[in-house]
Amino acid sequence: MATTEKLMAVTGNQAVAMAMKQIDPDVVAAYPITPQTDVVQSYSQYVADGEVQTEFVTVESEHSAMSACIGSAAAGARTMTATSSAGFALMWEVVYVAASMRLPIVMTTVNRALSGPINIHCDHSDSMGGRDSGWIQIYNEDAQEAYDATVMSFPIAEHPDVSLPLMNMYDGFIISGAIGPLRPLSDAAVKDFIGEKPAVLNLLDSEHPVTFGPFDGLHGWYFEHKIAQNRAMEAALPVIQETYDRFAEVTGRQYQHLMCYDMEDADVAIVVIGSAAGTARTVMAKLKAEGLKVGLVKIRTFRPFPTAEIARVLSGVKAVAVLDRADSFGAMGGPLYLEILAALYHEGVHTKTVNCIYGLGGRDLYPQNIEDVFRMLADAAGGADLPQSRVYLNMKGE
Amino acid sequence: MSWDISDIKNWGPDKHEKGAVIPEAGNAVGYRTGGWRTNRPVRDDETCTQCLFCYFYCPDSSVIVEGQEVVDFDLDHCKGCAQCATECPVDAITMHPEAEFRRKS
């Protein structure tokens, strides 16, 4: 296909930097942090070499990075940034401002644990903490998905029914630093896919002066604006799918909110986010050869959450393990588990569930760990009870 | 000036601009903030020399000038900060509790 280039071998971060270069946004304001650093570093090289037209703003912190992005997006500029872990945490205040001002900023968040103990490796506690911030959240398994998601971001975020910021995640080091296959689109195909930025009210239109970020008053409309944000999230769900479908027409790569593997005839299933899905599929091949009916659901779209769809997909299985790479201390389980339990209850689906916590601070997840989970599920499908409390995968000492 | 907000108290979530943007400039003039005032400035026309210090110092543009002369205060927006009274070189402006005026009316 003329719209795609040759297969190449790149890190996840290089893949995303390439996508950003092809998008050539008006502004990138970013601060480096492990393991996101070479997204920003590669991009600054593109700027220095004149390969993009982007205004690159080197800021003194992530709070400033997001603040600069907000100003830039309010001025009507296509704006991107990238972060990880503590950098995302430092943005916290203005992450909410970006969403409430309905600015379609696109951010790559390379997943890394939050301190402490201080740890630079992968888990999802950074972006999961931001799940209520009003940003669209897309989680990616590998470099190709991260690249594709980056290309698809602006058509989703800038859609008039949506107008929300969007963050793309992929696993720190496991994907960001490891080399994997990538089949990029041609520059022309990317430009054609994202199109021109739709005209919106903005600060630089001196013919139509407007005010951004006004005080809402003592008895104002904050409440109504929050409702509007949630309605935009609801509207985003079909817009994301339409964008996935349009992308498939160009590339042949079809994405869904939930990527299902062998779910048609599965007795038991694992639900997972990110790179662990690849490990799970390897294990599934082995278990299926033994005759076990195992399935996998990989969550791509986490905000907005495809509630009805996950309940429908899981309604046919007898036991489900939800794998969380982040915990919600003091809650009944990790963030993904809570989301799925709520979805099942809401849709009246009664199936056995268990929450497995794995990979915190970069703890390895071995194929054996996933095999153990599938066998536990198979026992549950046969009548055994599942643990009611968290199951920790590859924990030391017990 | 085309943004009609006369019924804004009854607006639901879909009526507002996205992100609480105010889509026109200068409409704060329609927002009466004079009710915040505790003390009201009163100018003595006999003493006043029309030096316009009050006009230049007023932080809320609430000193009304016609031609070259101070004629009144914009009480819909004056917050009673008393900068005019403080800066007046001939003490032609004095501040009086709002309650006095309410009793009169």
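The centres of domain 1 and domain 2 of chain A sit 28 Å apart, taken over C-alpha atoms. Domain 1 covers 8–251 and domain 2 covers 258–392 of chain A, with bounds that come from an automatic or database domain assignment. This is a predicted model: local features need pLDDT of at least 70, side-chain atom pairs count only at pLDDT 80 or more, and totals for chains, interfaces and linings use all residues. Residues are numbered from 1 along each chain as its sequence is written, while chains are lettered from A and ligands numbered from 1 in the order in which they are written.

**Where the domains meet**
- In chain A, 26 residues of domain 1 are in contact with 20 residues of domain 2 (contact means C-beta atoms, placed from the backbone, within 7 Å).
- Helix 8 of chain A gives the most to domain 1's side, with five residues (helices are DSSP runs of H or I, at least four residues, and strands are E runs of at least two, numbered from the N terminus).

**The sheet in chain A**
- Six strands form an open sheet with mixed pairing, in the order 9-11-10-13-14-15 (strands pair if DSSP finds at least two bridges between them).
- At the edges are strand 9 (258–261) and strand 15 (391–392) of chain A, and each pairs on one side only.
- Strand 10 (268–272) and strand 11 (294–299) of chain A run parallel, joined by five bridges.
- Ala269(A) has Gly295(A) in strand 11 of chain A as its bridge partner.

**Between chains**
- Chain A puts 18 residues into the contact and chain B puts in 13.

Methods:
Two residues are in contact if their C-beta atoms, placed from the backbone, lie within 7 Å.
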